[in-house]
Amino acid sequence: MDLESLVAGDVGDGGDQVVEDERTGLFAMIEEHLAVPFTATVLGVEVTVRKIDLTADSIVAVCARGRHRQRIDLLDLPLPTPPPDGAAWVDAYRHWVGR
């Protein structure tokens, strides 16, 4: 399935829906399908992505390393190779945002 199909089929056609509704729809699909936890490397440091969260203006990954926790915008999170199951929804989100 291509990115346009993911976004159009499960988020909506974008006609009169507001951006927030579309972001919320993508978040729901990412939350449902992205296999967490998984490890990723952020600025050369390995972190564990514990969950995905929705903020007022973005979707973020809640990352942990030891006792430390930090939210990283999902658009800025480099996915590991191979990517976790459901990563196509992260790609769909990036496509929707235009990155």
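Some ground rules to begin with. The model is predicted, so local features are taken at pLDDT of at least 70 and side-chain atom pairs only at pLDDT 80 or more, while totals for chains, interfaces and linings use all residues. Numbering starts from 1 along each chain as its sequence is written, and side-chain values use heavy atoms, with hydrogens and water left out.

I'll take the overall layout. The protein chain has three helices and four strands. Helices here are DSSP runs of H or I with at least four residues, strands are runs of E with at least two, and both are numbered from the N terminus. Along the sequence the order is α-α-β-β-β-β-α. Of the 99 residues, 36% are buried; buried means under 20% relative accessible area, exposed means over 50%, and partly exposed is in between, with a 1.4 Å probe and protein chains only. The accessible surface of the chain is about 6000 Å², and carbon and sulfur atoms hold 48% of that. Those areas come from the Shrake-Rupley method with a 1.4 Å probe, and for residues only the protein chains shown count as cover. As for contacts, meaning heavy atoms within 4.5 Å, take those in the chain with a separation of 6 or more: 43% of them are between residues 24 or more positions apart.

Now the helix pair. How do H2 and H3 pack? Helix H2, residues 19-33, and helix H3, residues 87-97, pack at about 165 degrees with their axes 9 Å apart. The axes are lines fitted to C-alpha atoms, for helices over the stretch in contact, and the angles run from 0 to 180 degrees between N-to-C directions. That angle makes H2 roughly antiparallel to H3. On this scale, under 35 degrees is roughly parallel, over 145 roughly antiparallel, 65 to 115 roughly perpendicular, and the rest oblique. The crossing is left-handed, that is, the near helix is turned anticlockwise from the far one by less than a right angle; clockwise would be right-handed.

On the H2 side, the contact is made by Val-19, Glu-22, Arg-23, Leu-26, Met-29, Ile-30 and His-33. H3 supplies Trp-89, Val-90, Ala-92, Tyr-93 and Trp-96. By class that gives nine nonpolar, one polar and two charged residues. Nonpolar covers Ala, Val, Leu, Ile, Met, Phe, Trp, Tyr, Cys and Pro; charged covers Asp, Glu, Lys and Arg; the others, Gly among them, are polar. As a general point, an α-helix has 3.6 residues a turn, so residues three or four places apart point the same way.

Staying with H3, its buried residues are Ala-87, Trp-89, Val-90, Ala-92, Tyr-93 and Arg-94. Ala-92 counts as buried because its relative accessibility is 0%. Just after H3, Gly-98 has a positive phi of about 105 degrees.

Ile-59 is in strand S3, residues 59-65. Is Ile-59 buried or exposed? Ile-59 is at 0% relative accessibility and therefore counts as buried. Residues up to four places away aside, Ile-59 touches residues including Arg-23, Leu-26, Phe-27, Ile-30 and Tyr-93. Leu-74 is also on that list, and the C-alpha atoms of Ile-59 and Leu-74 are separated by 5.8 Å.

Val-47 is in strand S2 and is buried, at 10% relative accessible area. Beyond four places in sequence, Val-47 contacts Phe-38, Thr-39, Ala-40, Val-42, Cys-63, Ala-64 and Arg-65. Its C-alpha atom and that of Arg-65 are separated by 5.2 Å.

Last, the loops. Where are the cis peptide bonds? One joins Val-36 and Pro-37, with omega about 5 degrees; another runs from Thr-81 to Pro-82, with omega near -5 degrees. Pro-37 is in the loop between H2 and strand S1, 38-42, and Pro-82 is in the loop between strand S4, 68-73, and H3. Pro-37 counts as exposed, at 53% relative accessibility. Neighbours within four places aside, Pro-37 contacts Thr-48, Val-49 and Arg-50.

Leu-43 lies in the loop between S1 and strand S2, 45-54. Its phi is near 50 degrees, a positive value in a residue other than glycine. Leu-43 counts as exposed, at 86% relative accessibility.
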